Amino acid sequence: MMLRRIFLLNHFRGTTVLACLLFLTLTGLQAQPAVIGPVRTEPFVLGITDIIRSTVMNEERTLNIYLPPGYNEQDSVRYPVIYLLDGSVDEDFIHMAGLVYFLGFPWLNLCPPSIVVGIANVDRKRDYTFPTTVEKDKKDFPTTGGSAAFIRYLGEEVIPYIRSRYKTNNTSTLIGQSFGGLLATEVLFTHPDWFSKYLIVSPSLWWDNQSLLNRTVTLATQPDVRIAVGKEGRVMERGAKALYRKLRPFYADKRRLRFHFFKKENHGSILLHAAYEGLQK
C-alpha cells in the first residue's frame, strides 16, 4: 500500500509538473509579440542594364553597367572604365562589380573608383573565337569563328556608346578569361590602342593549334598587360607563358608587362584572384 501511495503521489506530481510546463510554454508562446515586417521594402540596385541594337551583330545586345558611389551627372568628375567580357548577370558582372567597389573603398584606395561595363553574352563561342582549321573544334563548337564581327562591335559600337553616354576618362581596361582571354589577346594584337590596360586570364590559346601565338605582331603602342593562369594543366599554362614571352620584347619597362602564376587556383577560381592582383597595381 505504501509503495502504491508513493507511486501515485509521484505520478501526480509528475503530471502536475508536466501540466505546468505545458501551460507556461503555451502562455509564453501566446505572449510573444507578433512578427513585425519592414516599414517598407525597396529594391537593392547594383547597376544599370542598357540594351542596344547592334548594327554590326544584327541583334540586340545587353550591357550591364556599374557606376561608382558618388557618380553624379552634374559634377565634372570622370572615371576609368573596366570592360568585362562574359559580363552577363549570371556570369562575372556581379562579383566583378563588387570587387571594384571593394578596391575603391577610400580607406583602401587600391583602385580608383571606376565604371564597370559587363558585356553580356549571346553566343560566346561564336563571338570570342576566330575560324579554326581543327575539324574536332568545328564539330564540338559549330557556331564558332565570329570574333572579327565581335571585335568590330566592341570598337565601333560599345566603346563609343559608353564614352558618349557616361562620364569616362581616357583610362580603360579590358578583362577576359578563357575564351574571353583568347578574344582579349586578339584585340591586343590587332588594336592595342583601344585599351590602356589588358587583364588576360587563363586565355584559351590552344584554339586552332595555338595559331594566334604564331601571328606576326607589331605593337605600335604598349598598353599595360597582366597575364594570369592558375594550376590548369600543361596546355593552358604553357600557352599563357608563351604569350608573355611573345610580348616581352616590346616592353622596355618590364613593370608594364606582368605574368602571374596562381598555383592554388584552378580555371574556375582564378578570375577574382587575378583581377584583385591586376586591378590594384
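Begin the tour by selecting Phe 179, a residue that counts as buried because its relative accessibility is 6%. The structure on screen is a predicted model.

Display both side chains together. The ring centres of Phe 141 and Phe 179 lie 5.9 Å apart with the planes at 85°, so the pair is edge-to-face. Phe 141 belongs to the loop between α4 (135-140) and α5 (147-165), whereas Phe 179 is in helix α6 (residues 179-190), so the pair ties together parts that are 38 residues apart in sequence.

Select Phe 195 and Tyr 198 for another example. These two residues form an edge-to-face aromatic pair, with 5.6 Å from centre to centre and 80° between the planes. Both Phe 195 and Tyr 198 are buried.

**Other aromatic groups**

Now colour every Phe, Tyr and Trp. How many aromatic pairs does a search of the whole structure find? The search finds 14 aromatic pairs. One aromatic cluster to select is formed by Tyr 101, Phe 102, Phe 105 and Trp 107.

Lys 167 is placed over the face of Tyr 71, at 5.6 Å from the ring centre. Lys 241 is placed over the face of Phe 261, at 5.7 Å from the ring centre.

**The whole chain**

Zoom out and switch to a cartoon view. The protein chain contains 9 helices and 8 strands. Of its 281 residues, 44% are buried. Among contacts between residues at least 6 apart in sequence, 74% join residues at least 24 apart.

Select Ile 115, which lies in strand β4 (residues 115-119). Ile 115 is buried, because its relative accessible area is 0%. Which residues does Ile 115 touch, not counting those up to four places away in sequence? They are Ile 65, Tyr 66, Leu 67, Pro 68, Tyr 71, Tyr 79, Pro 80, Val 81, Ile 82, Tyr 166, Lys 167 and Thr 168. Draw a distance from Ile 115 to Pro 68: the C-alpha atoms are 6.1 Å apart in space, although the two residues are 47 residues apart in sequence.

Ile 82 counts as buried, because its relative accessibility is 3%. A C-alpha to C-alpha distance of 6.1 Å separates Ile 82 from Ile 115, and the two are 33 residues apart in sequence. Not counting residues up to four places away in sequence, Ile 82 touches Val 100, Ser 114, Ile 115, Val 116, Val 117, Thr 173, Ile 175 and Leu 279.

**Helices α2 and α9**

Select residues 93-103 and 270-279, which are helix α2 and helix α9. These helices pack at an angle of about 30°, with their axes 11 Å apart. The crossing of α2 past α9 is right-handed. To view the contact, show His 95, Met 96, Leu 99, Val 100, Phe 102 and Leu 103 from α2, which meet Leu 271, Leu 272, Ala 275, Tyr 276 and Leu 279 from α9. What classes of residue make up this contact of α2 with α9? The contact has 10 nonpolar, 1 polar and no charged residues.

**Val 217**

Select Val 217, found in the loop between α7 and β7 (224-230). Val 217 counts as buried, because its relative accessibility is 12%. Leaving aside neighbours within four places in sequence, Val 217 is in contact with Phe 189, Lys 246 and Phe 250. Val 217 and Phe 189 are 28 residues apart in sequence, while their C-alpha atoms are 6.0 Å apart in space.

**Two asparagines with positive phi**

The last stops concern the backbone. Most residues other than glycine have a negative phi. Select Asn 58, whose phi is near 55°, a positive value. Asn 58 lies in the loop between β1 (48-54) and β2 (59-66). Is Asn 58 buried or exposed? Asn 58 counts as exposed, because its relative accessibility is 58%.

Finish at Asn 209, where phi is near 55°, again a positive value in a residue other than glycine. Asn 209 lies in helix α7 (residues 207-210). With a relative accessible area of 59%, Asn 209 is exposed.

Technical notes
Residues are numbered from 1 along each chain as its sequence is written. This is a predicted model: local features need pLDDT of at least 70, side-chain atom pairs count only at pLDDT 80 or more; totals for chains, interfaces and linings use all residues. Side-chain values use heavy atoms; hydrogens and water are left out. Axes are lines fitted to C-alpha atoms, for helices over the stretch in contact, and angles run from 0 to 180 degrees between N-to-C directions. Helices (H or I, at least four residues) and strands (E, at least two) are DSSP runs, numbered from the N terminus. A crossing is left-handed if the near helix is turned anticlockwise from the far one by less than a right angle, and right-handed if clockwise. Contact means heavy atoms within 4.5 Å. Ala, Val, Leu, Ile, Met, Phe, Trp, Tyr, Cys and Pro count as nonpolar, Asp, Glu, Lys and Arg as charged, and the others, Gly among them, as polar. Rings of Phe, Tyr and Trp (its six-membered ring) pair if their centres lie within 6.5 Å; planes under 30 degrees apart count as stacked, over 60 as edge-to-face and the rest as tilted. Buried means under 20% relative accessible area, exposed over 50%, partly exposed in between (1.4 Å probe, protein chains only). A charge sits over a ring if NZ of Lys or CZ of Arg is within 6 Å of the ring centre and within 35 degrees of the ring normal.
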